[in-house]
Amino acid sequence: MPAAPAPFAFALAVLLVLPNPARAEHQPQDLRLTTDTLEYCHALARRLESMPGHMEPTPRLLGQQGRRLCARGHVKTGIARLRRAIRITAGKQSDGG
Amino acid sequence: MSERLARPPPPRLLQSAAFRFALLFMVIFSVAAGLLVAVLWWGTAGAIDRQTVAAIRADTLALMDRHRDAGPLGLVESIEDRMAQDAEAVTIYLLVDSDGRKLAGNLEHWPAGIAGDGTWFRTELHHDGATSEARIHRRDLPGGLRLLVGRDESERTQLDIVMAEGMAWSLGAILMVGAIGASLVRNALQRRMAPAMLTAQGIAAGDLARRVPVSLRHDEFDQLGATMNAMLDRIEALMSGVRSVSDAIAHDLRTPIARARGKLEEALAAARSEERLRAAVEEGIADLDNISRIFQALLRIAEAEAGARRAAFAPLDLSAVLSDAAEFYEAMAEARNQHFETSLPEQLDLVGDRDLLLQAVANLLDNAIKFTPPGGVVRLSARCDAGVAEIAVEDSGPGLSPSDRERALDRFFRADVSRNTPGSGLGLSLVRAVAQLHGGEVRLEDAQPGFTPPGLRVSLRMPLP
Amino acid sequence: MRILLVEDDVEVARFVKKGLQEAGHTVEHAPNGREGLFLAASESFDMLVLDRMLPGGVDGVRLVETLRGQGNRTPVLFLSALSAVDERVKGLKAGGDDYLVKPFAFAELLARVEALGRRPSSEAPVTKLRVADLELDLLSRTVTRSGKRIDVQPREFRLLEHLMRHAGQVVTRTMLLEKVWDYHFDPQTNVIDVHVSRLRQKLDKGFDKPLIHTVRNAGYMIRAEG
């Protein structure tokens, strides 16, 4: 296929140029999130407990599951459960207030 | 020679027109596919992008409002609240004070080298042991506080990857299909061209009888083949015209040349006086003139038969041409005590070769006047009838017997009765050639059927355009 | 007249040169187009007689085109073995003044050379032609002899005009056919003779001195009997 390079290069150019004209502002950084740690899991657990209404069945169940998951090492899932528990509790609170 | 005529090898891939056509098609197809992908991209990844930006902007404005209403403490609380409720784990916040100390948020530290208030940027982000892309917006708040609000863009990055993969695969498919298509088209073209090529090669090698086989498809190749065949027919007609002239020269010029030569030889051997010799030389010159006249007539006939003079066709008024010729020959008829009658329309427009038509009519009139006895009648008429222009010359001469009529149009035909009349015998043959050149025909009839002598009527019938 | 003959056939060249010299002309001969062009451009001639097909790259048509391109207006007579009408047209278009097909009678060539060479130099329009007591009025298109009006047909008028414009010169049958009738073919019989003798009868009727003379083996000439 001696003639392939031309259209192939063209297609590549389409691939690179079209999707993202904003790439020029890209900043290479060594940034890290702190909300994916075990500490944050504990912090969320404490936050949940400090909220009134956290003993409602659903938040309580989610909170327990979250804590257990964090303890077993599934930090990401655990955090997600705790966050849902907090969201539900906060939602109930604002509904009630 | 034989080397040059050898079949040329099929063109190399890039030289092959078919391949280049297929390639062109492929490029056009690729461009179309590229445009499709671009639109798709703009509609999906682009939409996600715009949503993300809108969400960040709304979030930022809400937080700034909160800072204005409740101060830094309220802002910190708000940020922590949002992070705690972010079940999808996509939000990114960082609030630092004027010393760069972190007050709230989930970014480990303030990123280096970012531009001032209101800037947008993308960055790589490590979390959960993986790296993803994030889009972040920076706003500065009163009191030296600096706020970063962002969203994780892993979802969009995933989409990018999926689409790029899809595109690469389809590109590969386009190239494959294109390459196969190109070679199919190339083979098909070569197969369809092969008969024409073979014919052309055969003709180049000298076999003029070959013709391109034409299929019933009536496509471009058949048109090309038919055009080639028409061209070849034309060339063959020209060639046969040339050949018939050389045949005629070989067969029929030899006789008068031999006659002239004999006379001169005889005079050289037997002339008793200078006067006799002089007379013989003069006769020889007259014979030569006659030979060159025959030669000239032969060339004209060949020209007309081969259609080489069709280029000289022009619109003309046949009536004017004929009345000219009539005026020219009328004097001669009168000198022979013949009645010369004409019956011409006012105007008769025709597309043709004036010189050849004139000569054809002149030949007919010349013949008629020659063969009509004194007191006889010669009539030139023309008319237009149902899309056919007819020129007729009638005389009251002896006419032609039916058997002579058939041969009368052949070259060098001379009826036995006219052996003693001067003439080359080419007159009618030229008339026929001129008629054929104009797509018409010549008819010989009795001028007055049943009478003795019947006379001759020669008519030249040509279709009008 | 000083005539340049450009002809590659030695025998034809010799016989044409000899004939023209015997008629009282000076003849220079060039055997090919290149030399012919050189001579024609560097010297002054009253007339060029050119073969149409010449060896050496420069053929007759090219030669004339080149000369005309340089503003040289010397009259040119083409000699050619190419007889087709198209060829004649091509030769005349290139700037030739007359075209004679080979083989030709020398008398024909001589008549054409003299007719070309003695063309009136001034382009001032002539309104009356006169030979002895014969007068031709080009404006009223009338012919009178000794003041007596002679009726002629339009074609006869043109025939007489052509003869009178070349009074004292031989005009051949072919020249008349070409110039008066614009026919470029062989009429096979001597129709021209019939026309000339008819005209002659009209002119000479009642006069004892004939004006139109037949020149044997050549053509006709109109002149006052001298």
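Where in chain B is the place of Pro453(B), and between which strands?

Analyst: Pro453(B) sits in the loop of chain B between strand 11 (441-446) and strand 12 (456-463); strands (E, at least two residues) and helices (H or I, at least four) are DSSP runs numbered from the N terminus. This is a predicted model, so local features need pLDDT of at least 70 and side-chain atom pairs count only at pLDDT 80 or more, while totals for chains, interfaces and linings use all residues. Residues are numbered from 1 along each chain as written, chains are lettered from A and ligands numbered from 1 in written order, and side-chain values use heavy atoms, leaving out hydrogens and water.

Most peptide bonds are trans, and most residues other than glycine have a negative phi. Chain C has a cis bond too, joining Lys102(C) and Pro103(C) with omega about 0°. Pro103(C) is also in a loop, this one between strand 5 (98-101) and helix 5 (106-117) of chain C.

Positive phi turns up as well. His218(B) has phi near 55° and lies in the loop between helix 4 (154-204) and helix 5 (220-270) of chain B. His218(B) is exposed, at 61% relative accessible area; exposed means over 50%, buried under 20%, and partly exposed in between, with a 1.4 Å probe and protein chains only. In chain C, Asp182(C) has phi near 60°, in the loop between helix 7 (173-180) and helix 8 (191-204). At 39% relative accessibility, Asp182(C) counts as partly exposed.

Staying with chain B, the axes of helix 2 (residues 17-43) and helix 3 (residues 45-84) come within 3 Å and cross at roughly 25°. That makes the two helices roughly parallel, the word for angles under 35 degrees. Where they touch, Trp41(B), Trp42(B) and Gly43(B) of helix 2 meet Ala45(B), Gly46(B), Ala47(B) and Arg50(B) of helix 3, with contact meaning heavy atoms within 4.5 Å. By class, that contact has 4 nonpolar, 2 polar and 1 charged residues.

For chain A, the layout along the sequence is α-β-α-α-α, with 4 helices and 1 strand. Buried residues make up 37% of its 97 residues. Among its contacts with a separation of 6 or more, 61% come from residues 24 or more positions apart.

Key
Axes are lines fitted to C-alpha atoms, for helices over the stretch in contact, and angles run from 0 to 180 degrees between N-to-C directions. Angles under 35 degrees count as roughly parallel, over 145 as roughly antiparallel, 65 to 115 as roughly perpendicular and the rest as oblique. Ala, Val, Leu, Ile, Met, Phe, Trp, Tyr, Cys and Pro count as nonpolar, Asp, Glu, Lys and Arg as charged, and the others, Gly among them, as polar.
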